[in-house]
Amino acid sequence: MPHPIAEDLIASVLHRDSNVIVLNKPPGLASHGGPKTYFHVDAYLPDLKFGIQPEPTLAHRLDRDTAGCLLLCRHPKSSKKITRLFTEKLIGKTYWAVVRGAVADDHGFIDAPIGKTNDESGWRMLVHEDGQPSKTEYQVLGRGKDEAGNDITWLALTPHTGRTHQLRVHLDHIGHPVLGDPFYGRGDEPPLFGQPPTLMLLSRQIIVPFHADREPVVVDAPPPELMRPGLSACGYAGDYAPHAASVDAQYGGDGSDAEGGQESFEGDD
């Protein structure tokens with residue numbers, strides 16, 4: 001029998017063809033493993049072969065607590081093609097976020113270099129003049145109030161570069177951090193380890209022009225339940241992804257396969 005997380009990943013398949021698979025990755029599940037990361041998508045790839053002998057491979061990564069579209073390649077030829085499409089910036093990605101405050105402009109760009117900083121608490125990314133060029137486009141999809149009556153904004157985000165934590169760093173830089181982010185923003189959100197994730201960030205859509213002579217693969221991911229309070233307050237009335245209860249085992253505190261420490265800064269959102 002597959003592991004419960006593998007069963008949830010099978011149920012989360014949004015698209016499957018002979019070349020690629022798109023998962024709706026649940027929040028709280030890392031893309032890759034690490035010294036203290038025992039639950040991750042990589043571990044369950046053997047359960048996602050669906051009759052093709054090679055195990056699929058990850059085409060890119062999402063942070064542990066970012067939900068949504070995660071692209072897998074089903075065989076080496078597919079992996080080579082997808083790598084080229086990413087290199088040529090032909091794969092489209094759109095994210096949704098619910099952020100603090102009322103974003104002034106309905107559409108705009110954040111063009112600010114991002115670099116890494118280290119201190120006694122670890123490392124993180126920040127806007128810095130010596131960082132790598134980084135550009136994010138945003139579009140306001142809705143506006144609302146949180147439970148305390150504070151302004152919040154629902155955004156669609158298009159990363160024109162692919163820096164680590166780019167969206168989160170850029171939004172914090174303009175004074176509108178993502179709701180539920182304890183590492184960027186005002187810093188008083190609850191920690192992500194030891195309890196379920198709270199980050200209201202979704203990899204909403206991926207566009208893969210795999211065949212030049214055919215329509216591209218276009219996949220939309222429904223948001224996770226944790227985003228319901230923010231999205232509904234901003235006017236979203238669509239569907240939500242079922243909660244992947246299997247991932248909650250790492251937050252159970254029983255010491256078995258539990259994750260701890262600090263966030264795995266592994267993603268490319």
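Mentor: Start with Trp96. Its relative accessible area is 8%, and buried means under 20%, so Trp96 counts as buried. Bear in mind that this is a predicted model. Now take Trp154. The same cut-off of under 20% applies, and Trp154 has a relative accessible area of 9%, so Trp154 is buried too.

Next, look at the rings. A pair of aromatic rings is described by the distance of the centres and the angle of the planes. The count of aromatic pairs comes to four. Trp96 and Trp154 make one of them: their centres are 5.1 Å apart and their planes stand at 80 degrees, an edge-to-face arrangement. Trp96 sits in strand 5 (residues 92-100), while Trp154 sits in strand 10 (residues 151-159). The pair therefore ties together parts that are 58 residues apart in sequence. Tyr236 and Tyr240 form another edge-to-face pair, at 5.3 Å centre to centre with 85 degrees between the planes. Both Tyr236 and Tyr240 are buried.

Rings turn up in another kind of arrangement here. Arg16 lies over the face of Phe50, 4.3 Å from the ring centre. Lys81 does likewise with Phe210, at 4.6 Å from the ring centre.

Now step out to the core. In soluble globular proteins, nonpolar side chains tend to be buried together. In this model the largest nonpolar core holds 59 residues. Ile82 and Leu157 have the most contacts inside this core. Strand 4 (residues 67-73) gives the most to the core: six residues. Leaving aside residues up to four places away in sequence, Leu157 touches, among others, Lys93, Thr94, Tyr95 and Ala97. Its partners also include Thr136, Glu137 and Tyr138, as well as Leu167, Leu171 and Leu201. There is also a second, separate core of five residues, among them Met125, Val169, Phe183 and Tyr184.

That brings us to helix 3 (residues 166-173). Six of its eight residues are buried, so the rest of the structure largely encloses helix 3. The buried six are Gln166, Leu167, Arg168, Val169, His170 and Leu171. Among these, Leu167 and Leu171 are contacts of Leu157. Val169 instead belongs to the second core. Phe183, another member of that second core, sits in the loop between helix 3 and strand 11 (201-208). With 18% relative accessibility, Phe183 still counts as buried, since the cut-off is under 20%. Phe183 and Val169 are 14 residues apart in sequence; from C-alpha to C-alpha they are 9.5 Å apart.

Check the backbone at both ends of helix 3. Most residues other than glycine have a negative phi. His165 has a positive phi of about 60 degrees, yet it is not a glycine. His165 lies in the loop between strand 10 and helix 3. Its relative accessible area is 0%, so His165 is buried. Gly162 lies in that loop between strand 10 and helix 3 as well. Gly162 is exposed, with a relative accessible area of 55%. Gly162 and Pro133 are 29 residues apart in sequence, but 9.8 Å apart in space, C-alpha to C-alpha. Just after helix 3, Gly175 has a positive phi of about 85 degrees.

Lys89 is another non-glycine with a positive phi, about 55 degrees. Find Lys89 in the loop between helix 2 (76-87) and strand 5. Its relative accessible area is 64%, so Lys89 is exposed.

Finally, the whole chain. It has four helices and twelve strands. Of its 269 residues, 47% are buried. Among contacts between residues at least 6 apart in sequence, 65% join residues at least 24 apart. The accessible surface is about 12500 Å², and carbon and sulfur atoms hold 49% of it.

How far can you trust the details? The mean pLDDT is 88, with 89% of residues at 70 or more. Over residues 253-267, though, the pLDDT falls below 50; this stretch has 44 contacts in the model beyond near neighbours in sequence. Where pLDDT is low, the predicted coordinates should not be read in detail.

Key:
Residues are numbered from 1 along each chain as its sequence is written. Side-chain values use heavy atoms; hydrogens and water are left out. Buried means under 20% relative accessible area, exposed over 50%, partly exposed in between (1.4 Å probe, protein chains only). Helices (H or I, at least four residues) and strands (E, at least two) are DSSP runs, numbered from the N terminus. A nonpolar core is a set of buried Ala, Val, Leu, Ile, Met, Phe, Trp, Tyr and Cys residues joined through side-chain atoms within 4.5 Å. Contact means heavy atoms within 4.5 Å. Rings of Phe, Tyr and Trp (its six-membered ring) pair if their centres lie within 6.5 Å; planes under 30 degrees apart count as stacked, over 60 as edge-to-face and the rest as tilted. A charge sits over a ring if NZ of Lys or CZ of Arg is within 6 Å of the ring centre and within 35 degrees of the ring normal. Accessible areas come from the Shrake-Rupley method with a 1.4 Å probe; for residues, only the protein chains shown count as cover. pLDDT is the predictor's confidence in each residue, from 0 to 100.
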